[in-house]
Amino acid sequence: MITFLLGIGILYTFRLGFIQVTMLKQAFVQTFGGMFKKNPDNKDGISPFQALATSVAAQVGTGNLAGVATAIALGGPGAIFWMWVSSFFGMATIFAEAVLAQKYKEEKDGQIVGGPAYYIRKGVGSKWLAGFFAVSIIIALGFIGNMVQSNSIAASFDTFNIPRVAVGIVVAVLIGFIIFGGIQRIAKIAEFVVPFMALFYIGGSLVIVFANFSGIVDAFILIVESAFNPAAATGGVIGATIKEAIRYGVSRGLFSNEAGMGSTPHAHAAANVKHPAQQGLVAIIAVVIDTVIICTLTALVIIMTKSYETGLNGIQLTQESFTRGLGGFGHPFIAICLFFFAFTTILGWYYFGENNINYLFGKKGISVYRALVLLFIVLGSTLNVTLVWDLADTFNALMVLPNVIALFILSPVVVKIYKEYKTKW
């Protein structure tokens with residue numbers, strides 16, 4: 001999966017003329033220039049910024065906290081360098097996904113829908129492959145993935161001695177209230193919550209970074225040096241190899257920002273824009289927010305507090321680093337962030353699954369899907385997640401394959417749309 005995802009990112013980077021560099025300024029303008037504008041032209045769609053918020057809601061999750069820590073624990077600080085590399089190429093991939101989602105979107109039962117199932121069926125011309133993707137993402141994200149997220153939320157409240165099943169029920173009730181309002185309500189919640197949760201986490205991280213500011217240059221030097229010579233850079237403490245640094249850095253980066261996985265195009269398809277490439281530029285900023293900013297800050301906190309030398313892994317390593325940086329507030333700070341990150345991911349992943357339920361069964365299947373998602377949220381809060389994580393990884397791989405095949409076949413379409421955009425806009 002790493003080879004496929006990184007490979008398609010490299011392909012699009014060269015075919016689009018390093019769009020993540022040449023069009024980065026315009027991407028920021030396109031994203032934030034009309035941040036507070038509404039879309040009276042089409043009440044069934046959402047604004048480009050709402051689409052971005054819904055996308056980021058799904059992207060920014062436990063991977064930004066636990067995933068980064070795991071990458072450092074298993075691959076050394078150098079894994080972060082390779083995470084940056086993967087995110088760089090991922091920007092080109094996610095541009096292509098958003099463009100194709102806009103190109104092949106439809107209006108169905110009064111709602112704008114789109115995503116890989118639609119561009120696989122209409123662009124590639126394979127109903128079977130489109131159906132295979134739709135089933136895979138419903139299981140991977142809508143059911144199993146959301147069980148993992150609800151378990152993460154419940155675990156984060158262990159600090160407050162609250163029964164996990166009670167947490168699961170409360171989360172299910174809150175999610176139920178939001179999802180029964182459709183994409184418009186999901187987008188409005190995401191538009192409000194995502195900037196708040198991102199700024200809250202960024203603010204807490206920057207407090208630690210600035211408190212240890214004298215070590216920031218050394219942290220970046222350590223990341224770059226250990227990317228190519230881990231043992232020498234860390235004095236043999238980590239015991240990581242270059243191969244492990246690349247493996248964990250690239251994989252955690254790709255699965256954090258979800259570039260190429262086929263999930264975020266569902267949100268970008270619903271945006272009201274005049275040209276598909278405009279939403280493609282907005283999608284690039286989602287990777288900047290998720291990996292370049294949030295994941296990097298997590299990494300800096302772990303490295304600058306020297307928590308990576310403790311031998312801890314996953315969320316425990318992140319908690320230790322923030323406790324060292326923020327004192328007694330560190331643990332509840334991570335618990336609060338983990339709640340919001342996982343909660344908004346459930347919203348995003350639910351919506352991506354709903355899109356594909358709609359594709360397979362129409363509106364008649366959505367009520368059953370909603371009920372099952374809420375049930376899985378409650379169940380997930382009580383289960384041991386080791387098996388669930390393995391199942392999620394398996395179905396993630398199954399949904400990546402048809403999407404990457406479609407991205408490869410439809411690359412001429414993306415290039416044509418981009419060239420048209422540069423000519424006319």
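I began with the nonpolar core. The largest one has 135 residues. I noted the residues with the most contacts inside it: I19, F95, V171, I175 and Y201. Then I looked up where this core draws its largest share. That share is 19 residues, and it comes from helix α15, residues 276-304. I keep in mind that this is a predicted model.

Next I picked I19. Leaving out residues up to four places away in sequence, I19 touches L24, A92, F95, L281, I284 and Y418.

I moved to F18. This residue sits in the loop between α1 (2-15) and α2 (19-22). Is F18 buried, partly exposed or exposed? Its relative accessibility is 32%, so I put F18 down as partly exposed. Beyond residues up to four places away in sequence, F18 touches T13 and F88. I also checked F18 against M91. The two are 73 residues apart along the chain, and their C-alpha atoms are separated by 9.6 Å.

T264 came next. I found T264 in the loop between α13 (242-257) and α14 (265-269). Its relative accessible area is 0%. Buried means under 20%, so T264 is buried. Which residues does T264 touch, not counting those up to four places away in sequence? I listed S55, Q59, I94, E97, E258 and F352.

Helix α4 covers residues 48-59. I tested its length. At 1.5 Å a residue, its twelve residues should span 16 Å. The expected span uses one less than the number of residues. The end C-alpha atoms are 16 Å apart, so the model agrees with the expectation. How many of the residues of α4 are buried? I counted twelve of twelve, so α4 goes down as mostly covered.

Last, I turned to charges. Side chains of opposite charge can pair when their charged atoms come close. The structure holds four salt bridges. I followed up some of them.

- E106 pairs with R121, and their closest N and O atoms are 2.7 Å apart. The pair links distant parts of the chain: E106 is in strand β1 (residues 106-108) and R121 in helix α7 (residues 116-124), 15 residues apart. E106 is partly exposed at 22% relative accessible area. R121 is partly exposed too, at 25%.
- K122 forms a salt bridge with E106, with the closest N and O atoms 3.5 Å apart. K122 lies in helix α7 and E106 in strand β1, so this pair ties together parts that are 16 residues apart in sequence. K122 has 37% relative accessibility and counts as partly exposed.
- R370 and E354 meet through their side chains in a salt bridge, at 3.6 Å from N to O. R370 is in helix α18 (residues 366-380) and E354 in helix α17 (residues 330-361), so the pair ties together parts 16 residues apart in sequence. R370 is buried, with a relative accessible area of 13%. E354 is buried as well, at 3%.

Key. Residues numbered from 1 in each chain as written. Predicted model: local features only at pLDDT ≥ 70, side-chain atom pairs only at ≥ 80, totals over all residues. Heavy atoms only, no water. Core = buried A, V, L, I, M, F, W, Y, C linked by side-chain atoms within 4.5 Å. Buried < 20%, exposed > 50% of the residue type's maximum accessible area, 1.4 Å probe, protein only. Helix = DSSP H or I, 4+ residues; strand = E, 2+ residues; numbered from the N terminus. Contact = heavy atoms within 4.5 Å.
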